[in-house]
Amino acid sequence: MLNTLKIPSVGRLLAALALLGLTWTGEARAELDESGNQIRWGNGIRTEVLSSNALTTHEEASIRMVSRALNSVTYATDDLLRYQLEDPNAREVMKYVASCALDKTQSLEWSDRFGHTHTWKGELGLCPEWGWDASGASLTCQRWVSACVLARNNAFGYRVLLSMRGNHPASALTPRPSVMTDTSLRFTRVRVPSTYSCSASEMGATRECGYERAQAEPHEPKLMGSVGYCSSPGLPVDLGAGGKPPASCDTQLGHMLSGDMVLRVCEGLGACDEDAALAQSQGSCGTIYPGVTFTCPRSRTFNVMLAPYSSNANWGSVEIGTRAPLGGSVSYPATEAQVFPIREGAFFGNLFGSGAVASGMKVYVDSAGVLHRKLAPVQGSIYPKMYACHDPNWTDGAAYNTARLCARPGMNCVAASLGACNAWPACEQSAGGYSTCTGGDGARYSTSITTYLNRACDVVQNPALCKTANSSYK
């Protein structure tokens with residue numbers, strides 16, 4: 001079966017003009033934000049930060065946070081909150097709080113004692129009303145944001161892309177029909193060199209620049225490459241944008257609708273440079289139409305990068321076609337559910353308000369700007385109202401969650417691990433996720449967030465702990 005997808009283009013006529021000195025300046029292409037994507041959400045707040053910061057591990061600051069608007073005015077006028085943001089860990093927590101709560105039209109600015117302005121932008125929009133409501137965050141809002149922040153925690157702060165799902169009216173927690181190619185190196189915030197603009201005119205598929213992405217939500221695969229899925233690791237996959245597989249030259253795959261584009265195929269979710277490519281093409285079988293054959297990787301995911309043949313040219317338009325010549329199946333673009341197949345578990349509870357942090361935990365910044373950390377050793381979770389359960393598919397879910405949530409084994413964790421999600425606390429299942437879970441306090445949390453991973457060892461990078469019933473997804 002051939003699968004097709006439309007994606008934009010322009011041609012080699014412009015490249016020829018460039019050689020004659022007649023250059024086209026092109027459109028301004030958007031630079032990526034730090035997260036590198038807006039469909040999948042980065043998991044990167046360190047356990048150390050979440051367990052020791054001047055916002056959520058200071059009870060009075062936590063109470064004030066949710067009793068006031070989450071906006072620039074609050075953090076300029078409330079003396080306690082203004083001082084607490086001098087703690088770099090508090091600023092890191094604020095980045096995730098704002099990202100989870102506010103939508104993309106909202107942001108929060110704060111100036112430190114040296115006059116440097118810090119800006120935190122909204123992304124998911126789980127409760128944008130917190131940004132303007134002077135009475136603060138509702139209990140439901142607090143719980144959604146708490147689940148979102150906890151879901152994005154990992155022990156070492158690696159940037160891990162994941163899929164977060166929940167029964168929330170905002171679209172951010174609903175799986176998307178496609179997933180963008182990420183432009184950062186795996187586990188980092190370092191952008192792949194090939195995704196930067198070329199400093200001089202360059203041509204062809206082998207160049208290490210000019211594979212740019214101008215993307216915004218909602219995702220439009222026609223603007224740039226997407227992630228694909230192949231069902232059979234080790235078997236060949238043919239892919240083209242109007243070209244034929246170079247070995248057989250038997251079948252045209254996809255179409256070059258306008259202009260002249262080149263393509264590169266990379267393993268996994270993220271862009272790559274030439275030396276890491278699974279395949280690349282600027283034309284196949286004696287034509288200018290790109291076509292490649294590559295081996296389906298163990299992760300079962302691949303992504304396509306696109307660029308004009310000439311770095312001076314504007315994007316054109318192509319259809320990507322695929323096939324699996326020796327069996328199996330290929331999907332391009334793949335759905336978010338296909339790209340993130342491993343259900344990790346559920347996260348729920350409340351980071352905020354009275355009684356939300358264990359006694360003996362107090363991090364604060366005094367009026368002189370001196371940071372104080374008073375951290376008592378706490379058996380289990382420092383947040384009595386934060387909970388997590390693991391998917392029953394993990395071979396040793398308890399050990400997995402300990403590594404995921406605790407600063408050290410069983411101590412100063414950022415949530416209480418309640419066991420398998422299908423046992424007590426008996427989470428309800430909805431559309432493949434866990435929709436409502438019972439916390440250790442007996443409360444029912446309909447604000448739970450279920451996380452899904454691309455590979456089993458993405459978050460807990462210890463092969464002994466990240467074993468699942470399907471070990472092929474490591």
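Two cavities of 30 Å³ or more are present in the structure, a cavity being a set of points on a 1 Å grid over the protein atoms alone where a 1.4 Å probe fits but cannot get out. The model is predicted, so that local features need pLDDT of at least 70 and side-chain atom pairs count only at pLDDT 80 or more, while totals for chains, interfaces and linings use all residues. Residues are numbered from 1 along each chain as its sequence is written, and side-chain values use heavy atoms, without hydrogens and water.

The second largest cavity has a volume of about 30 Å³, the volume being the space filled by probe spheres set on the points. Its lining residues (an atom within 4 Å of a point) include Cys230, Leu235, Cys296 and Val330.

An open sheet is formed by 5 strands (DSSP runs of E, at least two residues), in the order β12-β11-β14-β8-β17 with antiparallel pairing; strands pair if DSSP finds at least two bridges between them. Strands β12 (279–281) and β17 (330–331) stand at the edges with a single partner strand each, so one side of each lacks a neighbour in the sheet. Between β8 (residues 227–230) and β14 (residues 301–308), the antiparallel pairing runs over 3 bridges, and Gly228 stands opposite Phe302 in β14.

Strand β11 (residues 261–267) contains Arg264. Arg264 is buried, with a relative accessible area of 0% (buried means under 20%, with a 1.4 Å probe and protein chains only). The side chain of Arg264 lies 3.1 Å from that of Ser194 in a polar contact, and a polar atom of the Arg264 side chain lies 2.8 Å from the backbone oxygen of Ala205. A polar contact is a pair of N or O atoms within 3.5 Å; within protein, one must be able to donate a hydrogen and the other to accept it, and residues adjacent in sequence count only if both atoms are side-chain atoms.

Technical notes
Helices (H or I, at least four residues) and strands (E, at least two) are DSSP runs, numbered from the N terminus. Buried means under 20% relative accessible area, exposed over 50%, partly exposed in between (1.4 Å probe, protein chains only). On a 1 Å grid over the protein atoms alone, a cavity is a set of points where a 1.4 Å probe fits but cannot get out, and a pocket is an open set with protein on both sides within 12 Å along at least five of seven lines; lining residues have an atom within 4 Å of a point.
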